[in-house]
Amino acid sequence: MDGKGIGITLTRHIYESQQVHPEATGEFSDMLNQIAWAAKVVSREVNKAGLVELLGLTGEKNVQGEQVQKLDRFANEVFTSVISGSGHFCIMASEEMAEAQPIEASAYKTGRYSIAFDPLDGSSNIDVNVSIGTIFAIHRRVTEGQAGTEADLLQPGRKLVAAGYVVYGSSTMLVMSTGNGVHGFTLDPSVGEFLKSHPDIQIPARGKTYSVNEGNFPYWSDGVRRYVAYMKQKDPSTGRPYGSRYIGSMVADVHRTLLRGGIFMYPADSKDPLKPHGKLRLLYECSPMAFLIERAGGAASTGRSRVLDVEPETLHQRVPFFAGSVENVREAERFIAEHDEDG
Ligand code: AHM
Ligand code: MG
(Lines give C-alpha, C1' and ligand atoms only; values in the text may rest on other atoms or scores of the structure.)
(Ligands and ions follow the chains in the order given, each with its own letter.)
Protein backbone atom coordinates (compact mmCIF):
# COMPACT_ATOMS: atom_id res chain seq x y z
CA MET A 1 0.00 0.00 0.00
CA ASP A 2 1.32 3.47 -0.84
CA GLY A 3 0.85 6.63 1.22
CA LYS A 4 -2.26 7.63 -0.69
CA GLY A 5 -4.22 4.55 0.25
CA ILE A 6 -4.59 3.10 -3.23
CA GLY A 7 -6.52 -0.14 -2.95
CA ILE A 8 -8.33 0.61 0.33
CA THR A 9 -12.10 0.25 0.35
CA LEU A 10 -14.42 3.23 0.16
CA THR A 11 -15.70 2.33 3.61
CA ARG A 12 -12.20 2.50 5.07
CA HIS A 13 -11.44 5.74 3.24
CA ILE A 14 -14.58 7.30 4.70
CA TYR A 15 -13.78 5.93 8.16
CA GLU A 16 -10.22 7.28 8.03
CA SER A 17 -11.36 10.69 6.77
CA GLN A 18 -13.75 10.82 9.69
CA GLN A 19 -10.97 10.27 12.22
CA VAL A 20 -9.64 13.72 11.30
CA HIS A 21 -12.93 15.18 12.60
CA PRO A 22 -13.41 13.99 16.16
CA GLU A 23 -16.76 15.80 16.27
CA ALA A 24 -18.10 13.72 13.35
CA THR A 25 -21.08 11.58 14.27
CA GLY A 26 -20.59 8.97 11.58
CA GLU A 27 -23.76 10.14 9.89
CA PHE A 28 -21.89 11.44 6.89
CA SER A 29 -20.02 8.17 6.48
CA ASP A 30 -23.21 6.20 6.58
CA MET A 31 -24.81 8.53 4.03
CA LEU A 32 -21.98 8.02 1.54
CA ASN A 33 -21.96 4.29 2.11
CA GLN A 34 -25.68 4.16 1.38
CA ILE A 35 -25.17 6.07 -1.88
CA ALA A 36 -22.37 3.67 -2.81
CA TRP A 37 -24.71 0.78 -2.12
CA ALA A 38 -27.38 2.21 -4.45
CA ALA A 39 -24.69 2.75 -7.09
CA LYS A 40 -23.71 -0.93 -6.88
CA VAL A 41 -27.29 -2.02 -7.43
CA VAL A 42 -27.67 0.27 -10.44
CA SER A 43 -24.29 -0.83 -11.77
CA ARG A 44 -25.38 -4.45 -11.65
CA GLU A 45 -28.51 -3.66 -13.66
CA VAL A 46 -26.66 -1.47 -16.15
CA ASN A 47 -24.25 -4.31 -16.81
CA LYS A 48 -26.94 -6.85 -17.49
CA ALA A 49 -29.43 -4.48 -19.12
CA GLY A 50 -29.08 -6.06 -22.52
CA LEU A 51 -29.64 -9.52 -21.12
CA VAL A 52 -32.80 -8.90 -19.19
CA GLU A 53 -34.39 -6.66 -21.80
CA LEU A 54 -34.52 -3.62 -19.60
CA LEU A 55 -33.59 -1.64 -22.67
CA GLY A 56 -36.04 0.31 -24.71
CA LEU A 57 -38.39 3.16 -24.15
CA THR A 58 -41.25 3.01 -21.72
CA GLY A 59 -43.15 5.41 -23.90
CA GLU A 60 -43.39 7.86 -21.02
CA LYS A 61 -41.94 11.32 -20.83
CA ASN A 62 -40.26 12.93 -17.84
CA VAL A 63 -41.17 16.32 -16.44
CA GLN A 64 -39.08 18.06 -19.06
CA GLY A 65 -40.77 16.30 -21.97
CA GLU A 66 -37.87 13.96 -22.66
CA GLN A 67 -38.26 10.25 -23.15
CA VAL A 68 -37.63 8.13 -20.09
CA GLN A 69 -36.09 4.72 -20.47
CA LYS A 70 -36.71 1.82 -18.18
CA LEU A 71 -33.28 1.87 -16.65
CA ASP A 72 -33.77 5.54 -15.68
CA ARG A 73 -36.86 4.59 -13.77
CA PHE A 74 -35.14 1.69 -12.10
CA ALA A 75 -32.18 3.85 -11.05
CA ASN A 76 -34.56 6.52 -9.76
CA GLU A 77 -36.42 3.96 -7.68
CA VAL A 78 -33.23 2.50 -6.20
CA PHE A 79 -31.81 5.88 -5.19
CA THR A 80 -35.17 7.16 -3.97
CA SER A 81 -35.71 4.18 -1.74
CA VAL A 82 -32.17 4.18 -0.33
CA ILE A 83 -32.28 7.94 0.32
CA SER A 84 -35.69 7.98 1.95
CA GLY A 85 -34.87 5.01 4.16
CA SER A 86 -31.45 6.24 5.26
CA GLY A 87 -32.69 8.67 7.92
CA HIS A 88 -30.17 11.29 6.81
CA PHE A 89 -32.24 13.35 4.39
CA CYS A 90 -35.19 15.68 4.90
CA ILE A 91 -36.00 16.22 1.21
CA MET A 92 -34.85 14.98 -2.19
CA ALA A 93 -35.16 16.07 -5.81
CA SER A 94 -34.34 14.12 -8.92
CA GLU A 95 -34.30 14.75 -12.64
CA GLU A 96 -37.05 12.17 -12.91
CA MET A 97 -39.42 13.81 -10.41
CA ALA A 98 -41.47 16.92 -11.20
CA GLU A 99 -41.63 18.00 -7.57
CA ALA A 100 -39.24 17.64 -4.69
CA GLN A 101 -40.15 14.84 -2.33
CA PRO A 102 -40.06 15.78 1.36
CA ILE A 103 -38.99 12.99 3.71
CA GLU A 104 -40.80 12.83 7.04
CA ALA A 105 -38.67 12.44 10.13
CA SER A 106 -38.95 9.06 11.78
CA ALA A 107 -39.69 8.57 15.47
CA TYR A 108 -36.00 8.59 16.26
CA LYS A 109 -34.36 10.61 13.50
CA THR A 110 -34.76 13.86 11.55
CA GLY A 111 -32.81 14.16 8.31
CA ARG A 112 -30.17 16.87 8.48
CA TYR A 113 -29.34 17.00 4.76
CA SER A 114 -31.01 17.56 1.37
CA ILE A 115 -30.04 15.74 -1.79
CA ALA A 116 -30.53 16.47 -5.49
CA PHE A 117 -29.59 13.75 -7.95
CA ASP A 118 -29.71 12.63 -11.54
CA PRO A 119 -30.22 8.88 -11.25
CA LEU A 120 -29.09 8.00 -14.76
CA ASP A 121 -27.59 10.77 -16.82
CA GLY A 122 -26.93 10.29 -20.51
CA SER A 123 -29.65 7.69 -20.80
CA SER A 124 -29.99 8.17 -24.56
CA ASN A 125 -26.69 6.26 -24.67
CA ILE A 126 -27.97 3.11 -22.98
CA ASP A 127 -29.02 1.40 -26.19
CA VAL A 128 -25.59 1.83 -27.76
CA ASN A 129 -23.60 0.59 -24.78
CA VAL A 130 -21.93 3.91 -24.06
CA SER A 131 -21.06 5.06 -20.53
CA ILE A 132 -23.81 6.60 -18.43
CA GLY A 133 -23.76 7.89 -14.87
CA THR A 134 -25.40 9.02 -11.65
CA ILE A 135 -24.76 12.47 -10.15
CA PHE A 136 -25.56 13.62 -6.59
CA ALA A 137 -25.34 16.86 -4.63
CA ILE A 138 -25.76 17.13 -0.85
CA HIS A 139 -26.50 20.27 1.17
CA ARG A 140 -26.94 20.75 4.88
CA ARG A 141 -30.52 21.43 5.82
CA VAL A 142 -31.41 25.09 6.41
CA THR A 143 -35.03 24.76 7.59
CA GLU A 144 -36.49 23.43 10.82
CA GLY A 145 -39.33 21.04 11.41
CA GLN A 146 -40.29 17.54 10.37
CA ALA A 147 -39.72 17.19 6.63
CA GLY A 148 -37.60 19.61 4.60
CA THR A 149 -38.81 22.16 2.06
CA GLU A 150 -37.54 23.35 -1.33
CA ALA A 151 -35.42 25.92 0.48
CA ASP A 152 -33.17 23.07 1.61
CA LEU A 153 -32.51 22.21 -2.03
CA LEU A 154 -32.38 25.68 -3.58
CA GLN A 155 -28.93 26.50 -2.23
CA PRO A 156 -25.92 27.58 -4.27
CA GLY A 157 -23.24 25.03 -5.08
CA ARG A 158 -20.66 26.78 -2.92
CA LYS A 159 -22.63 25.54 0.09
CA LEU A 160 -22.48 21.87 -0.93
CA VAL A 161 -21.09 19.59 1.74
CA ALA A 162 -20.56 16.67 -0.61
CA ALA A 163 -21.02 15.82 -4.26
CA GLY A 164 -20.06 13.04 -6.57
CA TYR A 165 -20.84 10.96 -9.59
CA VAL A 166 -20.77 7.33 -10.57
CA VAL A 167 -19.73 6.46 -14.09
CA TYR A 168 -20.94 3.11 -15.39
CA GLY A 169 -18.25 2.57 -17.99
CA SER A 170 -15.68 -0.07 -18.82
CA SER A 171 -15.57 -0.29 -15.03
CA THR A 172 -17.87 1.40 -12.56
CA MET A 173 -16.23 4.31 -10.77
CA LEU A 174 -17.39 6.54 -7.94
CA VAL A 175 -15.75 9.96 -7.81
CA MET A 176 -16.62 12.17 -4.86
CA SER A 177 -15.55 14.97 -2.59
CA THR A 178 -16.64 16.05 0.85
CA GLY A 179 -14.69 19.25 0.42
CA ASN A 180 -11.16 18.03 0.97
CA GLY A 181 -9.81 16.53 -2.20
CA VAL A 182 -11.52 14.59 -4.94
CA HIS A 183 -11.08 10.84 -4.83
CA GLY A 184 -11.98 8.10 -7.30
CA PHE A 185 -12.94 4.53 -6.39
CA THR A 186 -13.27 1.68 -8.87
CA LEU A 187 -15.80 -1.07 -8.25
CA ASP A 188 -14.23 -4.50 -8.02
CA PRO A 189 -17.18 -6.63 -9.10
CA SER A 190 -15.61 -9.82 -7.79
CA VAL A 191 -15.86 -8.61 -4.19
CA GLY A 192 -18.52 -5.94 -4.64
CA GLU A 193 -16.40 -3.16 -3.13
CA PHE A 194 -15.34 0.26 -4.35
CA LEU A 195 -11.53 0.42 -4.03
CA LYS A 196 -9.57 3.65 -4.03
CA SER A 197 -7.93 3.92 -7.44
CA HIS A 198 -7.58 7.68 -8.03
CA PRO A 199 -6.53 9.48 -4.83
CA ASP A 200 -6.56 13.26 -4.75
CA ILE A 201 -7.42 13.97 -8.38
CA GLN A 202 -5.92 17.20 -9.72
CA ILE A 203 -7.04 18.57 -13.06
CA PRO A 204 -4.18 19.94 -15.22
CA ALA A 205 -4.09 23.75 -15.43
CA ARG A 206 -4.51 23.53 -19.20
CA GLY A 207 -5.67 20.76 -21.46
CA LYS A 208 -5.69 20.34 -25.20
CA THR A 209 -9.09 18.76 -25.62
CA TYR A 210 -12.52 20.36 -25.97
CA SER A 211 -15.79 18.57 -25.50
CA VAL A 212 -19.02 20.01 -26.87
CA ASN A 213 -21.91 19.09 -29.16
CA GLU A 214 -20.59 20.96 -32.17
CA GLY A 215 -23.78 20.31 -34.11
CA ASN A 216 -25.18 23.23 -32.15
CA PHE A 217 -22.60 25.61 -33.67
CA PRO A 218 -25.10 27.70 -35.66
CA TYR A 219 -27.23 28.23 -32.54
CA TRP A 220 -24.44 29.50 -30.27
CA SER A 221 -23.58 33.10 -29.47
CA ASP A 222 -20.85 34.84 -31.43
CA GLY A 223 -18.42 34.55 -28.49
CA VAL A 224 -18.86 30.80 -28.14
CA ARG A 225 -18.54 30.28 -31.91
CA ARG A 226 -15.34 32.32 -32.00
CA TYR A 227 -13.94 30.44 -29.04
CA VAL A 228 -14.56 27.04 -30.64
CA ALA A 229 -13.15 28.29 -33.95
CA TYR A 230 -10.06 29.53 -32.04
CA MET A 231 -9.45 26.07 -30.58
CA LYS A 232 -9.44 24.64 -34.09
CA GLN A 233 -6.94 27.11 -35.52
CA LYS A 234 -3.45 25.91 -36.25
CA ASP A 235 -0.94 27.51 -33.87
CA PRO A 236 1.94 25.25 -32.79
CA SER A 237 3.08 27.75 -30.14
CA THR A 238 -0.10 27.12 -28.10
CA GLY A 239 -0.57 23.51 -29.17
CA ARG A 240 -3.60 24.27 -31.31
CA PRO A 241 -5.61 22.86 -32.92
CA TYR A 242 -6.98 21.07 -29.85
CA GLY A 243 -8.45 17.60 -30.05
CA SER A 244 -12.19 17.12 -29.89
CA ARG A 245 -13.89 14.47 -27.73
CA TYR A 246 -17.62 14.31 -27.14
CA ILE A 247 -19.46 11.28 -25.85
CA GLY A 248 -22.77 13.02 -25.20
CA SER A 249 -22.88 11.59 -21.71
CA MET A 250 -22.00 14.34 -19.27
CA VAL A 251 -20.62 12.10 -16.55
CA ALA A 252 -18.23 10.42 -18.96
CA ASP A 253 -17.24 13.67 -20.67
CA VAL A 254 -16.62 15.43 -17.36
CA HIS A 255 -14.78 12.40 -16.00
CA ARG A 256 -12.33 12.45 -18.89
CA THR A 257 -11.94 16.22 -18.58
CA LEU A 258 -11.24 15.88 -14.84
CA LEU A 259 -8.52 13.30 -15.39
CA ARG A 260 -6.93 14.65 -18.56
CA GLY A 261 -7.72 18.37 -18.58
CA GLY A 262 -9.33 20.52 -21.26
CA ILE A 263 -12.83 21.94 -21.33
CA PHE A 264 -16.32 20.49 -21.33
CA MET A 265 -19.10 22.82 -22.44
CA TYR A 266 -22.82 22.95 -22.88
CA PRO A 267 -23.37 26.59 -23.86
CA ALA A 268 -26.68 28.41 -24.15
CA ASP A 269 -28.13 28.09 -27.64
CA SER A 270 -31.03 29.46 -29.63
CA LYS A 271 -32.25 26.05 -30.79
CA ASP A 272 -35.13 25.73 -28.36
CA PRO A 273 -36.71 28.99 -27.18
CA LEU A 274 -37.93 27.15 -24.09
CA LYS A 275 -34.35 26.36 -23.07
CA PRO A 276 -32.47 29.64 -23.43
CA HIS A 277 -29.79 28.54 -20.96
CA GLY A 278 -28.63 25.36 -22.65
CA LYS A 279 -29.59 21.87 -21.63
CA LEU A 280 -27.91 20.99 -18.37
CA ARG A 281 -29.60 21.46 -15.02
CA LEU A 282 -28.05 23.44 -12.23
CA LEU A 283 -28.97 21.50 -9.09
CA TYR A 284 -28.16 17.93 -10.00
CA GLU A 285 -25.85 18.23 -13.02
CA CYS A 286 -23.83 21.46 -13.14
CA SER A 287 -23.52 22.35 -9.47
CA PRO A 288 -22.12 18.99 -8.25
CA MET A 289 -19.78 18.75 -11.25
CA ALA A 290 -18.60 22.32 -10.65
CA PHE A 291 -17.94 21.45 -6.99
CA LEU A 292 -15.79 18.46 -7.96
CA ILE A 293 -13.93 20.33 -10.70
CA GLU A 294 -13.13 23.26 -8.42
CA ARG A 295 -12.01 20.95 -5.61
CA ALA A 296 -9.67 19.32 -8.13
CA GLY A 297 -8.15 22.71 -8.97
CA GLY A 298 -10.22 23.50 -12.07
CA ALA A 299 -12.93 26.05 -12.83
CA ALA A 300 -16.62 25.95 -13.74
CA SER A 301 -18.44 28.91 -15.22
CA THR A 302 -21.71 29.89 -16.85
CA GLY A 303 -19.52 31.81 -19.29
CA ARG A 304 -20.06 34.93 -17.20
CA SER A 305 -19.77 33.85 -13.60
CA ARG A 306 -18.92 31.03 -11.25
CA VAL A 307 -21.44 28.18 -11.39
CA LEU A 308 -21.12 27.60 -7.64
CA ASP A 309 -22.35 31.15 -6.99
CA VAL A 310 -25.57 30.87 -9.00
CA GLU A 311 -28.52 31.23 -6.61
CA PRO A 312 -31.02 28.56 -7.69
CA GLU A 313 -34.60 29.67 -8.24
CA THR A 314 -36.28 26.48 -9.40
CA LEU A 315 -35.55 22.77 -9.07
CA HIS A 316 -35.04 22.01 -12.74
CA GLN A 317 -33.37 25.26 -13.76
CA ARG A 318 -30.73 25.10 -16.49
CA VAL A 319 -27.48 27.02 -16.85
CA PRO A 320 -24.85 27.30 -19.58
CA PHE A 321 -21.85 25.26 -18.47
CA PHE A 322 -18.11 25.60 -19.17
CA ALA A 323 -15.94 23.43 -16.93
CA GLY A 324 -12.47 21.99 -16.79
CA SER A 325 -8.90 23.25 -16.71
CA VAL A 326 -8.73 26.71 -15.24
CA GLU A 327 -6.85 28.30 -18.15
CA ASN A 328 -9.23 26.90 -20.76
CA VAL A 329 -12.30 28.06 -18.84
CA ARG A 330 -10.90 31.58 -18.37
CA GLU A 331 -10.21 31.70 -22.10
CA ALA A 332 -13.82 30.77 -22.88
CA GLU A 333 -15.00 33.52 -20.51
CA ARG A 334 -12.77 36.05 -22.28
CA PHE A 335 -14.26 35.26 -25.68
CA ILE A 336 -17.77 35.55 -24.27
CA ALA A 337 -17.01 38.83 -22.48
CA GLU A 338 -15.44 40.30 -25.61
CA HIS A 339 -17.97 39.21 -28.21
CA ASP A 340 -21.33 38.66 -26.52
CA GLU A 341 -23.58 41.32 -25.17
CA ASP A 342 -25.45 39.34 -22.58
CA GLY A 343 -23.61 36.03 -22.49
P1 AHM B 1 -30.21 13.61 -19.79
O2 AHM B 1 -30.12 14.02 -18.36
O3 AHM B 1 -31.60 13.69 -20.31
O4 AHM B 1 -29.56 12.30 -20.05
O5 AHM B 1 -29.46 14.76 -20.63
C6 AHM B 1 -28.21 15.17 -20.25
C7 AHM B 1 -27.18 14.69 -21.24
C8 AHM B 1 -25.79 14.87 -20.74
O9 AHM B 1 -25.30 13.68 -20.23
C10 AHM B 1 -25.03 15.26 -21.98
O11 AHM B 1 -23.94 16.09 -21.69
C12 AHM B 1 -26.05 15.98 -22.79
O13 AHM B 1 -27.31 15.48 -22.38
C14 AHM B 1 -25.91 15.71 -24.25
O15 AHM B 1 -26.83 16.48 -24.94
P16 AHM B 1 -26.78 16.63 -26.53
O17 AHM B 1 -27.31 15.36 -27.08
O18 AHM B 1 -27.66 17.81 -26.82
O19 AHM B 1 -25.36 16.89 -26.93
MG1 MG C 1 -29.25 14.26 -16.77
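Trainee: Which loop holds Pro241?
Mentor: Pro241 sits in the loop between α4 (222–232) and β12 (243–244). Helices (H or I, at least four residues) and strands (E, at least two) are DSSP runs, numbered from the N terminus.
Trainee: Is the peptide bond from Arg240 to Pro241 cis or trans?
Mentor: That bond is cis, with omega near 5°.
Trainee: What am I looking at, and what are the ground rules?
Mentor: This is a predicted model: local features need pLDDT of at least 70, side-chain atom pairs count only at pLDDT 80 or more, and totals for chains, interfaces and linings use all residues. Residues are numbered from 1 along each chain as its sequence is written, chains are lettered from A and ligands numbered from 1 in the order in which they are written, and side-chain values use heavy atoms, with hydrogens and water left out.
Trainee: What about the phi of Asn129?
Mentor: Positive, about 60°, although Asn129 is not a glycine. Asn129 is in the loop between β5 and β6.
Trainee: New topic. How is the protein divided into domains?
Mentor: Domain 1 is 10–198 and domain 2 is 209–339. The bounds come from an automatic or database domain assignment. Their C-alpha centres lie 24 Å apart.
Trainee: How many residues does the contact take from each domain?
Mentor: It takes 47 residues from domain 1 and 33 residues from domain 2. Contact means heavy atoms within 4.5 Å.
Trainee: And how much area do domain 1 and domain 2 bury between them?
Mentor: About 2,900 Å², 63% of it on carbon and sulfur atoms. Buried area is the accessible area (1.4 Å probe) that two parts lose on being put together, summed over both.
Trainee: Now the ligand. Which residues come nearest to ligand 1?
Mentor: Of the 16 residues around it, Asp121, Gly122, Tyr246, Met250 and Tyr266 come nearest. A residue counts as near if one of its heavy atoms lies within 4 Å.
Trainee: What distance does Glu95 have to ligand 1?
Mentor: An N or O atom in the Glu95 side chain is 2.9 Å from an oxygen atom of ligand 1.
Trainee: And Asp121 and Tyr246, what distances there?
Mentor: A polar side-chain atom of Asp121 lies 2.5 Å from a ligand 1 oxygen atom. For Tyr246, a side-chain N or O atom is 2.5 Å from an oxygen atom of ligand 1.

Key:
A polar contact is a pair of N or O atoms within 3.5 Å; within protein, one must be able to donate a hydrogen and the other to accept it, and residues adjacent in sequence count only if both atoms are side-chain atoms.
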